[in-house]
Amino acid sequence: MYTPVDFESRDHQEGTLMCRAVGVILFLILIGTTLLIAKVQRPFDTWRQSGGGGDSSQYSSLKQINKSNVKQIEVAWTYPTGATSRFNPIVVDNTMYAASMGQIVALDAATGKEIWKHAGGAPARGINYWESRDRKDQRLVIIQGGITELNAKTGDVIMEFGQNGRVNAGPGLNPAEDRTTQNPSANPGKVVGDVIIIALPAGGGTYESLPGDVHGYDVKTGKLLWVFHTVPHPGEVGYDSWPPDLYKSAGGVHNWSELSVDEERGIAYVPLGTARYDFYGGNRPGDNLFGNSLVALDAKTGKLLWHFQTVHHDLWDYDLPTAPKLLTVRHDGRTVDIVAQPTKQGLLFVFDRVTGIPLWPIEEAVVPQSDVPGEHSSKTQPIPSLPKPFARQSFTEKDVNPYLPGAEQDCIRQLLRESRNEGLFTPPSLQGTIQMPGNNGGANWGSSAVDPNKGTIYIYSKETPMGILLTAPGGTNNKAWRNCGPAGGGRGGAAAAGGAAGGRGAVGGAPPLPPAAGAPEVEGGAAPAGQRGGAAGAGGAGGGRGGAGAAPVPQNTGDLTRYTQSYQFFYGTSNGTSIIGPPWSQLTAYDLNSGKILWQIPVGSIPGLKDSNTGAQFSRGGVVVTGGGLVLLATPSDRRLHAYDQDNGKLIWEFDLPNVSEGVPTVYQVAGKEYIAFCVGGGQLDQPRSFSTLPAAAPGAYMVFALPDKKK
């Protein structure tokens, strides 16, 4: 377990008060008189950008639908999306822009009637909107394999943008220094002023991954304006936290999820991911900035304003998985604009949005150390004193799933005894390490929303343990995970050098497992249930990832300095539930004025399980908050929509869905009428096999709810 030590001991955080003060002075000089102007808060009554706005608040001030009448809402219209969709629609005036069958579509937001359709492809999770000051030029900004802009009125490609209507977002400003990177995909990026900010992917989870640099482009021309190197170059902040010249080959540190922007100040807040390789860092001694860091960048220039690293020298794939949330609170008697960053490890970091100074002390805590040869694990990790964690951070014998047969529970307890299991930040090992929360647990994309007027945040989290078993260089490891479930569990595939990690295999006939939070865009097809996933050759894709008891598939790259790993999802039990007991997902409400938890509840259930208060499994989806006092979200294993009372977490309304919903809902109004749109068609997330009481899933669709029209 960890022991608190002095936060000031971390040089790389530039965390002394003197350094902080200098940074604040320089920043105030940079922004000049901007801070002296009274900030005009946006009305929060539109949904023009992915996530509700540049601030990713996932909040609507609309209150026609509220706690007193939400039970009366009904389906106003639907529109088909295809088999799998999690795209967050945006609404401008009376038009909804959504995705269907891989195409961008414009719909009448009140009726669902199709206005136009663009067949050039649609990104996975959303798009953004830009307009000129006179509103004569209105564009949709689409980030998929590059950048394309459409005329919002007609759906036509704007050919004056980039080269023949497209920007190749790979190369940087200096071809001699910037390695050519892959074009962006599912991260919708953000538009702030006349700048498009995008983040490049790392291109897989292997040692050969590329750096996920952040780029800024002119929204009107497509010209590349700036590049922020997420693996610092010589002379840049953070360069000394890596071995010399490793920037030439180091990769990862990518914003695969989401980012947010303060549109008034022109600041982008970018949450970054893990340096590669995810689970072994012998090749990269040091803290590895800007891995696992929240960075604040000037949107016009890409200049670094401040940063904070939430995990030093990450060995757990604890990348920052969700957009930072911007809101305003009362702290120590003054009004403070803040940025709040949820994490996979269940921690919530809160900073002054302008200076980067934490609202509450952050301690550097002594953590367990690696026993793997060649590893250089960090002696300490940052732990906020407030707010308290929103997810469980340990898995002990008393936490074993009580819904499993006794012999299976005993086996799991023995598995815990045989593994390294020392709480949060127990490093990966050749012995096998229990990780709680797992790297597919805690927060995820779209999983938090705020009420910017109250200073509250609501986080929908997964309580998911993982196992990490390292394979020694050369591809040999005689250790195998204890198989506590039924025979025939799938084995996890690991990508070989240059290859991309494969999709997941199901365990013993269980439904396909959810994609890992850190690499949803690089997975191959899922392996059939109960079969072993193959290992990829150079440049190839690996097979499925398995569940509890799966033996590692070695990744023999021929380089004897490289350790590799196999995931263990721990769902290979006799009834398909997790080896840990419930709750399996939770909704946590925080008051960020005080840093205190207001309430915490399990969300969702597993149909057929006697206890209906367990929380759903495989939870990954969006949550929204409304001015009507509601918190809205969908859970997968019971395929339900839920409306909770924002003040106390009381369940007010539920609705059974024909398919899984895991995207972020959209809240908007047309002609004074409020609508709530859910993307229903997550496809791959469903209930554990032993409790499959629900009918076969219907085709995906947008389901849009509203109050019934008053009778004349």
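**Entry 1: R353 and D262**

I started with R353, which forms a salt bridge with D262; their closest N and O atoms sit 3.0 Å apart. I then looked up where the partners lie, and the pair turns out to link distant parts of the chain. R353 is in the loop between β22 (348-352) and β23 (362-366), while D262 belongs to strand β16 (residues 260-262), 91 residues apart. Are the two buried or exposed? Both R353 and D262 are buried. A reminder to myself: this is a predicted model.

**Entry 2: D319 and K344**

Next I checked D319, and I found it in a salt bridge with K344, with 2.6 Å between the closest N and O atoms. This pair also links distant parts of the chain, 25 residues apart. I placed D319 in the loop between β19 (304-309) and β20 (325-331), and K344 in the loop between β21 (334-342) and β22. Why does D319 count as buried? Its relative accessibility is 0%, so D319 falls in the buried class, which starts under 20%. K344 counts as buried because its relative accessibility is 0%.

**Entry 3: D371 and R420**

I looked up the accessibility of each partner. D371 has a relative accessible area of 49%, so it is partly exposed; the exposed class needs over 50%. R420 is buried, because its relative accessible area is 9%.

**Entry 4: the count and a network**

How many salt bridges does the structure hold? I read off 28. I also found R48, D93, E131 and R135 linked in a network of salt bridges.

**Entry 5: the largest pocket**

I finished with the largest pocket, which holds about 670 Å³ of space. It is lined by 22 residues, and those closest to its centre are R48, Q49, E131, G193 and E263. Which strand gives the most to the lining? That is β8, with three residues. I noted that β8 (128-131) and β12 (190-192) each supply at least two lining residues. By residue class, I get seven nonpolar, seven polar and eight charged in the lining.

Definitions and conventions
Residues numbered from 1 in each chain as written. Predicted model: local features only at pLDDT ≥ 70, side-chain atom pairs only at ≥ 80, totals over all residues. Heavy atoms only, no water. Salt bridge = Lys/Arg side-chain N within 4 Å of Asp/Glu carboxyl O. Helix = DSSP H or I, 4+ residues; strand = E, 2+ residues; numbered from the N terminus. Buried < 20%, exposed > 50% of the residue type's maximum accessible area, 1.4 Å probe, protein only. 1 Å grid on protein atoms, 1.4 Å probe; cavity = no way out; pocket = protein on both sides within 12 Å on 5 of 7 lines; lining within 4 Å. Points joined across faces, edges and corners; volume = space filled by probe spheres on them. Nonpolar A, V, L, I, M, F, W, Y, C, P; charged D, E, K, R; others polar.
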